[in-house]
Amino acid sequence: MGNVEAMRDALATVADGLVNAVMMAYEVWWALVLGFFVSAVVQAWVPRERIEVSLARGGARPIALATALGAASSSCSYAAVAIGKSLFQKGASAAAALGFQFASTNLVWELGLVLWILIGWEFAVAEFAGGLVMIALMAVGLRAFVSPRLEARARVRARAADAGHQHRSAGSGLGLRDRLRSAQAWSDVAHNFRGDWQMLWKEVAVGFLLAGFVGLLPDDVFRSLFVSDAPPAVRTVENVVAGPLIAVLSFVCSVGNVPLAAVLWSGGISFAGVLAFLFADLIVLQIVAIYRKVYGAAFALRICALMLVTMIVAALLVQALFGLAGLIPTDRPAPDDVFGHVALDYRLALNVVALAAFAALMLLTVRRGATDPVCGMAVDRATAVAVPEGGRTVYFCSEHCRRAYAAGEGAGRAARHAHVH
C-alpha cells in the first residue's frame, strides 16, 4: 500500500510540474512568438549595411538606438538573445547587442505592467531605472571584460554558426511597401522564423520544464536562502547575490518570473534582491548554453561575468536611490498564484493571435519550402541552392551544404534517414 501511495505522490508531483511548465509557457507564449518574428524580420528584411552603419560605430548613439529598439521589442529573454545574435552577426557592436538585450528584457511595457499589478508600481519604476543603469554600466565596463580581438572572434563564430545554414533573401532590393505585399518577402521571414525555432526550441523547452518543477519547492526553501538576522548592509549584499542564483535555477522568461519575484518578496528577500532576481534573466543556464553555442566559450564566459556584475551593482544602486527617496515599499503581500491561470483576458487573446501567426508562418514554409538533406533546415525553393539529381531537384540552404552533399556527407545522411524511416 505504501508503494502505491508513493507512486501516486510521485505521479502527482510530475503532473504538477508539467502543469506549471505549461502555464508558464502560456504566460509568455505570445512574447516568444513576437520576439522570434521580429528577429526573423531583422534577418530577412534589414540590410546588413544599414545595421553596420547604425549600430557598429563607437560612441553612445548606437547603444541608445539599440536600447530604443529593445524597448520596442518583445520582453522574452530567449527572443531577445535571438535578436541580439542577429544584430551582432550583421555588424552591431557587442555593446549595442547587449544593450538591446538588457532593454528588451527590462524596459518593455508588458513587464512593467505585470510588475505593477503583482508587486507594486515601485518595482515597475525600479525595473526600468535598473535597466538603464545596467546598459550604462555595461557600456563602460565592456572593455574590461571583452577585448576587441575576442569580440571579433566571437563575431566570426556567430556568423559561421549560420553561414552553413543561412537563408538567402530574394527581396532585399524591395522597399517596405513592396515587401509587405510580397509573398516571397514573407516567405523569407517565415523561413528565418522557422530556422531560429529549430536552433533554440530544445533550450526553450528545457527551460520551461526546469521552471515548472523548481516552482513546486515550498516557500521555506527560498526563505532559507536569505540572511534575516544580520546588519542591513550584509543582508542586502547577500540577497543581491542570492537573487541571481535563484533566477538561474527557476526562471525562463522575464514576464514569467514576476510571480516568482512576488513569492521571494513575500518570503523576505530585500528590495535589491528582488531586482537582482528580475535582472538575471539573461544568465540562466539555458541561455548561457546558447551564448556558448553561438559565440564560443571564452566570449560567453566574459559577457556572463559582465552581466552578473552589472546586475548586482545596478540592484544596489537602485535600492540606494529609492531608499533616499523613501520609495522602497514595506508591505509584502503573499501572491495567491505563482504560475497564473487561463482566463478570458488580453493574454488569452494575444496567445490565440500568436498561435495563428506561428501556424501561418510554419505553413508558409511548408507550402513554399523543401528540406535541406544535410542540415535538415526548411528552405524556400525559390531562393535555395538547387541541384538537379536523377530526375529530381535537391534544395540546399547554402553552398556549404551543397558541397557537403556533393562530397558524400549529405547523401550518406539522407540514405541513413531513409533507412530509419
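At what angle do helix H5 and helix H7 pack, and how far apart are their axes? The close-ups below take that up first, all from a predicted model.

**View 1. Helix H5 packed on helix H7.** Here H5 (residues 94-106) meets H7 (residues 121-145) at an angle of about 170°, and the axes sit 9 Å apart. Angles over 145 degrees count as roughly antiparallel, so that's the label for H5 and H7. The crossing of H5 past H7 is right-handed. On the H5 side, the contact is made by Ala-94, Ala-95, Leu-98, Gly-99, Phe-102, Ala-103, Thr-105 and Asn-106, while H7 brings in Glu-127, Phe-128, Gly-131, Met-134, Ile-135, Met-138 and Leu-142. Sort them by class and you get 10 nonpolar, four polar and one charged residues.

**View 2. Gln-101, a buried residue of helix H5.** Skip the neighbours within four places in sequence, and Gln-101 is in contact with Ala-80, Val-81, Gly-84, Leu-282 and Tyr-291.

**View 3. Helix H7 against helix H14.** H7 and H14 (residues 271-279) pack at about 60°, with their axes 10 Å apart. That angle makes H7 oblique to H14. The two helices cross in a right-handed way. From H7, the contact takes in Glu-122, Phe-123, Ala-126, Glu-127, Gly-130, Gly-131 and Met-134; from H14, Phe-271, Val-274, Leu-275, Leu-278 and Phe-279. By class, the contact of H7 with H14 splits into eight nonpolar, two polar and two charged residues.

Key
Residues numbered from 1 in each chain as written. Predicted model: local features only at pLDDT ≥ 70, side-chain atom pairs only at ≥ 80, totals over all residues. Heavy atoms only, no water. Axes fitted to C-alpha atoms, helices over the stretch in contact; angles between N-to-C directions. Helix = DSSP H or I, 4+ residues; strand = E, 2+ residues; numbered from the N terminus. Parallel < 35°, antiparallel > 145°, perpendicular 65-115°, else oblique. Left-handed = near helix turned anticlockwise from the far one by under 90°. Contact = heavy atoms within 4.5 Å. Nonpolar A, V, L, I, M, F, W, Y, C, P; charged D, E, K, R; others polar. Buried < 20%, exposed > 50% of the residue type's maximum accessible area, 1.4 Å probe, protein only.
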